[in-house]
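Take a look at the charged side chains in the model below. Then turn to the backbone.

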Amino acid sequence: MMKTKISFYLFAAFLIIMFLPVYVLEVIDGQENRVLYQTITKPLDQFSIQWIHSVSKQPVTETYQIHEDLHIGILEMIFNENGPNLPAGPEGGTKWEIKDGYFRVYNYDLVFDRVPVRIGQVIANHTLIYKQKELPLKDISRPGGLVYIQIRKATIIKMIIGGIGLWRKATFM
C-alpha cells in the first residue's frame with residue numbers, strides 16, 4: 001500500500017514538472033520558420049553573438065539580455081577597430097568606453113521581439129554564446145542564411161518533444 005502511494009505521488013510530481021512553463025531560447029530558420037536549436041533559459045540571462053567583421057577582420061561581440069516579457073534587449077557591443085556597419089560614435093543615448101584597445105558601446109535603448117542574424121558566408125563565423133557554450137550558427141543553418149534568435153514560453157514536455165524532433169532531423173539528415 002505504501003509503495004502504491006509513493007508511486008502515485010512520484011508520478012503526480014513528474015506530471016506537474018512536465019507541464020510547468022519555462023522560457024526557451026530558440027534559433028529559428030528565417031526562411032522556413034522552423035526551430036534549429038533550443039535551450040531552457042530564464043529572464044535576465046544573457047547571451048552573445050560573436051562574429052568577425054568582414055572589412056576590419058576583427059572580432060565583434062554583441063551581448064543581449066532576456067526580459068520577462070519575452071523581448072530581448074541589447075546590452076553592449078564590443079569591438080577593437082571601427083568599420084562599416086559598426087557604431088561610429090555615441091548616438092541615441094548610447095555611451096562609449098575605450099579601454100585596453102577595445103570600444104564598448106552600451107546604454108542602448110533597443111529591444112527586439114527576435115534578433116535577426118545574417119550568417120556570414122566567408123569569415124564572419126557568427127557564433128551564439130550562452131552559458132559558456134559556443135554554437136557556430138553555420139553548423140545549424142547555412143552561410144548567407146538568415147536566422148532569428150527568440151524567446152518563448154513552453155512547457156517542459158513540449159520542449160522535450162521539440163528536442164526529440166531536432167535530434168531526429170540532425171541524426172537522419
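A search of the whole structure finds 6 salt bridges. A salt bridge here is a side-chain nitrogen of Lys or Arg within 4 Å of a carboxyl oxygen of Asp or Glu. Side chains of opposite charge can pair when their charged atoms come close.

This is a predicted model, in which local features need pLDDT of at least 70 and side-chain atom pairs count only at pLDDT 80 or more, while totals for chains, interfaces and linings use all residues. Residues are numbered from 1 along each chain as its sequence is written, and side-chain values use heavy atoms, with hydrogens and water left out.

| Lys or Arg | Asp or Glu | N to O distance |
|---|---|---|
| Arg142 | Asp29 | 3.6 Å |
| Lys42 | Asp45 | 3.0 Å |
| Arg104 | Glu97 | 3.6 Å |

Start with Arg142 and Asp29, which meet in a salt bridge. What does this pair tie together? Arg142 sits in the loop between β11 (133–136) and β12 (146–155), and Asp29 belongs to strand β1 (residues 21–29), so the pair links parts that are 113 residues apart in sequence. Strands are DSSP runs (E, at least two residues), and helices are too (H or I, at least four); both are numbered from the N terminus.

Are the two partners buried or exposed? Asp29 is buried, at 3% relative accessibility. Arg142 is partly exposed, at 35%. Buried means under 20% relative accessible area, exposed means over 50%, and partly exposed lies in between (1.4 Å probe, protein chains only).

Now take Lys42 and Asp45. Lys42 is partly exposed, with a relative accessible area of 44%. Asp45 is buried, at 11%.

Arg104 and Glu97 come next. Arg104 has a relative accessible area of 26% and is partly exposed. Glu97 is partly exposed as well, at 31%. Which residues form a network of salt bridges? Glu76, Glu97 and Arg104 are linked in one.

Now the backbone. Most residues other than glycine have a negative phi, and most peptide bonds are trans. Lys57 is not a glycine, yet its phi is positive, near 60°. Where is Lys57? Lys57 is in the loop between β3 (46–52) and β4 (59–66). Lys57 is partly exposed, at 48% relative accessible area.

Asn107 also has a positive phi, about 65°, although it is not a glycine. Asn107 lies in the loop between β7 (102–106) and β8 (111–112). At 40% relative accessibility, Asn107 is partly exposed.
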